[in-house]
Amino acid sequence: MLLPLRRVRPVVVSCSWIRASHELAKPTQETSQKIHRARVNTLLFGADRLLLTPRADSLESYLMTKLSDDKLYNTYRSVAFMRLIRFCLERHLFDIALAIHDRMLKEGFLAVHALSLRMTALDVVRKATHLRLIVPPLQKLFEKKAYDVPAFMDLVHYLTDDKHAPGALVDDLAHAFVSIRQIKLSEYPDLVGLLASVNMRADRLDAAQAWLKVFEDVCGAQGVLPDVIPYSDIISTLNDIDPKNADAIQDVLVRMKAAGVSPDANVFNALIRVNFVQQRYQEAFALYHVLMEKRSDELMPNDVTYKMLFRAANVLSHPRFARRHRRPENAVPPRRLFREMLGCHLEQTNGQPLGRSTIVSVSAFHLALRTLMAREDYAAAFIAIHALFAFGFQPNLQTYLIVFVNLLHRMKREATLPRPEGSYRLVDFLTHLRPNEDPDLHTLLDRIRHHQPPLEHTCSSSVGIDTVSHLLRLGEHARPTDDDLPNVPSLPRFPPPPHPRQRHAQIPTVAMLTGTADLAPNQRAFFSPVPLARIVHKALLGELFRKAVHRGVDWDWKGAVGPIIQETQREMIPEGVGEGAEGAEGVEREGQGVLPFAAARMRRRKRSARGGREIAFDFES
């Protein structure tokens, strides 16, 4: 017997209910994406730090091991693969990028079309038994619209840097690519500069000239001025091949002038470097003065300029140079050089110390600090450490090493020499000074005169582990405040100390400083500026202590620190830095969603010396 069918009443779900459920799920999804993105950011920063260590060759195994972590098996995994591949491509680590791409394919993920074509071209080169066999398959790839000029430039770098391909083969591929894609060379000066450089390094000067000629002809036909980039790349390549070939560089400059091309900072840098190599210091500094006079929004010194000039200042202050050469009259003192570097940065960022520019970078700050420490200008070194924080950087292991190595070299040099009667040295002050102590002239003199045992027990002239440990203790990282440090009115104060449980992470360990332990990729890479500033401050006190012995007890040698620091900051810090830094507090930085990388290690043209070229790795859109 059949049962009668009952009419089923349909369930009606309102659109408003669906929208409400989606709105409730959206914050959870966004939070999950942020967590996944942050984990990949941490992985990339760890990989970036690993490249600076002696274990840089282990980067591939490090990335592969991290990719096997359960935390990275999530909905963000395909994007994580693409970000790692882009990370390697930007550093020209092509074999590692190919290995990551192979694993991505094995796990069933596909890259976006443009990245997939880029990796396919590199894979063709990797698998080829003979380089001439790569031409036909690559020509087919060139027909794809998604295979763009940056992808071809990666291919050129892979062929020349990793595979050492002949210049003629690279040139043939370039002609094929430009012909198939109908590339307007006037729109891609970077490509012209790269192809000219590749041919010049392969001793194919006629081919390099031909690319530059085609570029100039295309620009002339379109009625536009040629870009300066190809000329700059050619001068830089000539500089690398033979810095003393001034005639060839002069020919390029004449050609630039005939084409109506104005020099950019890279051209000035190449010319400054040529003069430094030839020990023509007066001409090099004259070029810098011209660059400063002509500076504008389009033409500004960059971090490369200042790194060269700080190196030159270090050479000029060396006693050997003084014995052999006469110091040029137009040489810029390091303090003024530091001020002009910060001033150009503020001009480029509209007065914002934390803004991004092509001028300030960690490596530029480090070279400035190394120069000031080598000159034993501890007041200026104190200001440089304070400015490092004010301009948005944190000290790393290298920052601490610069200060420690210079102090230890001086202490060792002084300890090996007999102390003249009635005079005192920096090593005497620092080795007899105790942490958390307000130094007293009579107490310190009494300790030194009674010849208390030195820190090293092996011999009186040794400077080693115990001395490093003692200098670290002088940093007083556990001190709850920084009220013992002199105030710098034009700069913001140091950040407040962290929770007592976290204060041990404020400074590097003795093992890190002595090289017996490497900084792990996932370990804290930055340290507090306060202990380092405190050590340099005590070195400055040591210099004043030496003078106080001769000036007498009536001279307030500790009170002289404040005026010295204020006078130094007036020489080194442009006006308005403190106001700009205070106004930037609490403001979210521009480009918060992109991952910054170190400028000094980027091989491509930079947009920002603070973070290198900003790389947008997020493909969600």
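Of the 621 residues in this chain, 48% are buried, where buried means under 20% relative accessible area, exposed means over 50% and partly exposed lies in between, with a 1.4 Å probe and protein chains only. The model is a predicted one, in which local features need pLDDT of at least 70, side-chain atom pairs count only at pLDDT 80 or more, and totals for chains, interfaces and linings use all residues. Residues are numbered from 1 along each chain as its sequence is written, and side-chain values use heavy atoms, with hydrogens and water left out.

The chain has 27 helices and zero strands; these are DSSP runs numbered from the N terminus, H or I of at least four residues for helices and E of at least two for strands. Among contacts with a separation of 6 or more, 71% come from residues 24 or more positions apart, a contact being heavy atoms within 4.5 Å.

Let me turn to one helix. Helix H5 covers residues 113-127, 15 residues in number, and reaches 21 Å from its first C-alpha to its last. That is close to the expected 21 Å, the expected span being 1.5 Å times one less than the number of residues. Which residues of H5 are buried? They are Leu 115, Leu 117, Arg 118, Met 119, Ala 121, Leu 122, Asp 123 and Val 125. The cover over these buried residues includes helix H3 (77-90), helix H4 (94-106), helix H6 (135-142) and H7.

Next, the aromatic side chains. A pair of rings is described by the distance of the centres and the angle of the planes. Rings of Phe, Tyr and Trp (its six-membered ring) pair if their centres lie within 6.5 Å; planes under 30 degrees apart count as stacked, over 60 as edge-to-face and the rest as tilted. The structure holds 19 aromatic pairs. In one of them, Tyr 147 and Phe 177 have ring centres 6.2 Å apart and planes at 80°, so this pair is edge-to-face. Because Tyr 147 lies in the loop between H6 and H7 while Phe 177 belongs to helix H8, the pair ties together parts 30 residues apart in sequence. Both Tyr 147 and Phe 177 are buried. Together with Phe 142 and Phe 152, they form one aromatic cluster.

His 164, which is not a glycine, has a positive phi near 50°. His 164 sits in the loop between helix H7 (149-162) and helix H8 (167-181), and is exposed at 63% relative accessible area. Gln 279 likewise has a positive phi, about 60°, without being a glycine. The loop between helix H13 (265-277) and helix H14 (281-294) holds Gln 279, which is partly exposed at 47% relative accessibility.

How many cavities of 30 Å³ or more does the structure hold? There are two. On a 1 Å grid over the protein atoms alone, a cavity is a set of points where a 1.4 Å probe fits but cannot get out, and lining residues have an atom within 4 Å of a point. The largest contains about 50 Å³ of space, and its lining includes His 386, Asp 482, Arg 493 and Phe 494.

Terms used. 1 Å grid on protein atoms, 1.4 Å probe; cavity = no way out; pocket = protein on both sides within 12 Å on 5 of 7 lines; lining within 4 Å. Points joined across faces, edges and corners; volume = space filled by probe spheres on them.
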